[in-house]
Amino acid sequence: MSTTRTHPVARRADEVTTRPRMSPHVTRRSSRTRDRVTAAAFLTPLLAYLILFYAFPLFRNLDLSVRGYTVRNFVQGGAPFIGFDNYVKVFTSQTFVPALTHTAVFTFVSIAFQFTIGLALAVFFHSSFRLSATLRALFLVPWLLPLIVSASTWSWMLNSDSGVVNSLLHAVGVSPVNWLTDPNMALVSVLVANIWIGIPFNLVILYSGLQNIPNELYEAAALDGAGAWQTFWRVTFPLLRPVSAIVTLLGLVYTLKVFDIIWIMTRGGPAGSSTTLATWTYQLGFGSLLPNFGPAAAVGNILIALALLAGLAYIRLQRRQEA
Amino acid sequence: MITHTHRTATAAVAGLLAVGALAACSSGSSTASPGGTAGAAGGTYTWWDPYPQYDASSDWAKVIDRCGQAAGVTMKRTAYDTTDLTGKALLAGQQGSSPDLLLVDNPVVSTLAEAGILTTTKDSGLSVDGFAANILAAGQSGGDTFGVPIGANTLALYYNPKVLKKAGIDAASVTDWASLTAALQKAKAAGFKGITFSAVGTEEGTFQFLPWFWGGGAQLTDIGSPNAVAALDLWAGWVKNGLAPNSVINNTQTTSWQEFQAGKIAFAENGTWQKADAKKNGFEVMPLPGKDGGTAPAPTGGEFLTLPVQKDTARYAVSAKIATCMTDTTNIVGTDNTLNYIAPTEAAQKEQLAADASLKPWVDAVGAAKGRTSDNLGTKYPKISEPLWTAVQSALTGKSSAQEALQQAQQAAKEATQ
């Protein structure tokens, strides 16, 4: 590792020492300025991009969340600074605790199932058999479908009166379930749909992780007389840990902000029983005739903070693994 | 050495170009004000509407062009999705680039007026003569009028004559809540569903609930009143007793209509916009009954033609001329027939009725209808509507009783409108 790292540095040092020999003192100075200009010119587009599309929107969202916006001062300017009033309003709202609980349940249950099923399928497909490539491709379908299509399809299937799920239940003599309209079932229904959508992502990443595990380890394990179960827990699972960590992190960030599936299937209802922080922020900002930009931005920032916490936890975990 | 300089220059130019392009983008949006090419006559006038389904070759677009020509200007029309239009109009107002004429859904008018984006008809000189007072009221707040309706739609009670016949229900017997519930029970006994509607947790849910709410004598200023509870108990009872399918809790008006189309439901509460499809399917229509008979006031739907504030106030005269042309009897009858709307003026309604007598229940329903933001509620309406639809959902799912749900909603509405 250390030899490859010194190599480019050495070459640059070499360049620096050879150049002055070719040009007089004055040109060296101007060439250094020119280098700086070049560097700045290369850097400017990136910086401009980062500021315009990352820093500014983030700042704007923070700014929105600490101001008392009404439609009038949104248009005409001069929204007063109100400190943390919007956050207080959000934290003390009757919607907050249920929305936070639903977000937590939705995220953790989704990830647990997506990861477990994804890993089981990845291991299954890793032992290549006939048609395994075709089957694996088929498993990608949920991922390729536009979310509006899959969510609408789920919502048709789970319809209380004319849905296929209830008619199947009826055929086997089970009384129908109000999947989307029962406050106790709505969150379960959107969870099922979200797990189904998330499995392919876990499958693909974990499968590629599996391919990076050297075959010799499996051969050695086989020679030592390890069974399938032992091979999985002693070889596959530990060696997949880095991949698992990144899959879980990405899954966490992605699931925290899931909005479309819930909105299309239940609109966060009935009566708020499947409202998560993501649907709540939309509901506040755009869901009614009168936009509530301040509190909406506050909820959005809480979501960003949660995702950031997850990211920091990941980095810490990674550091500990490397150390 | 030459290549080195050359490379530096290229990079610097590339960098500058990128920055320049970004600057150009940002300045482009702020100078795109339609007020740029001023002049009382001539020039281009901008028009925004929520009808992306009509392209430049449609009759709708042609009427706009003709009215522009009559006023001596060229029209530049842009169509947005209706949910997009409010946000776009607010942003345009913020940047001082509002269109000359803006067609928006009526409950949004008071919000845009509150934002100071719209001119009053007093300021713009737009005439409001001849428009039905109850329809015009949706565009009024604080004693000012902010535009003119180009048409109205509302809700009524569709029924499927085939189902009614099989269930032995006489449509004429349905005159109040009790007789309607009795009819629904007959339909259920014959193996059908009684009625479908939309109680979804959005503005649509409140829109559909209001005819029962108002028809029972409740007022939006007190959504926890006993009259309101009676209306919600009616709906909750229908769902609980299987007279209405459980899916109404999640149905939009479109999905509710699709269920009705399947032919297994006796009645459906739905809007004027379905009347062409109803005719095709052989469905009939009657006004929604009030609690003790009569026609319940249903909320008015439909768009208002407004004149947003411009820097150059001289443009209002031409815009008003265009608006008046768009709402003259010939044009508005043509427009409202295409849009499946009922005309907002008596003269135009008469002409619509003369051409199609089956519109009578709709003209009656529109005559009894009421704007959601009327009663001087204005921007308070959205803050009442949201707790109301939440209460409807709570009661229909059995999460809480109608009484509890509405009392909680009244509390929330009171806090929000303070």
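Tutor: In chain B, strand 7 (residues 155-159) and strand 9 (residues 265-271) pair in the antiparallel sense, over five bridges. Within this pair, Ala156(B) has Asn270(B) of strand 9 of chain B as its bridge partner. This is a predicted model, in which local features need pLDDT of at least 70 and side-chain atom pairs count only at pLDDT 80 or more, while totals for chains, interfaces and linings use all residues. Residues are numbered from 1 along each chain as its sequence is written, and chains are lettered from A and ligands numbered from 1 in the order in which they are written. Strands (E, at least two residues) and helices (H or I, at least four) are DSSP runs numbered from the N terminus, and two strands pair if DSSP finds at least two bridges between them.

The pair belongs to an open sheet of four strands in chain B, with the order 8-9-7-10 and mixed pairing. Its edges are strand 8 (193-196) and strand 10 (284-286) of chain B, each of which pairs on one side only. From one strand to the next, the twist averages 25°; axes are lines fitted to C-alpha atoms, for helices over the stretch in contact, and angles run from 0 to 180 degrees between N-to-C directions. Helix 8 (residues 177-189) of chain B packs on this sheet, where it touches strand 8 and strand 9 of chain B, and its direction makes about 130° with that of strand 8 of chain B. Contact here requires C-beta atoms, placed from the backbone, to lie within 7 Å.

An automatic or database domain assignment divides chain B into domain 1 (41-149 + 301-368) and domain 2 (155-299 + 376-417). Where the domains meet, 14 residues of domain 1 of chain B are in contact with 17 residues of domain 2 of chain B. On the domain 1 side, helix 4 (106-114) and helix 16 (360-368) of chain B are the elements that give two or more residues, and the largest share, five residues, comes from helix 16 of chain B. That side divides into seven nonpolar, five polar and two charged residues, where Ala, Val, Leu, Ile, Met, Phe, Trp, Tyr, Cys and Pro count as nonpolar, Asp, Glu, Lys and Arg as charged, and the others, Gly among them, as polar.

Elsewhere in chain B, strand 3 (residues 101-105) is mostly covered, with four of its five residues buried; a buried residue has 20 or more other C-beta atoms within 10 Å of its own. Strand 3 of chain B pairs in the parallel sense with strand 1 (residues 44-49) of chain B over two bridges, and Trp48(B) stands opposite Leu102(B) of strand 3. Strand 3 of chain B also runs antiparallel to strand 11 (residues 303-306) of chain B, joined by four bridges; there, Val104(B) has Phe304(B) as its bridge partner.

Chain B also meets chain A, in a contact that takes 34 residues from chain A and 38 residues from chain B. The largest share of the chain A side, nine residues, comes from helix 2 of chain A. By class, that side has 15 nonpolar, 14 polar and five charged residues.

Note on methods:
Two residues are in contact if their C-beta atoms, placed from the backbone, lie within 7 Å. A residue is buried if 20 or more other C-beta atoms lie within 10 Å of its own, exposed if 12 or fewer, and partly exposed in between; C-beta atoms are placed from the backbone.
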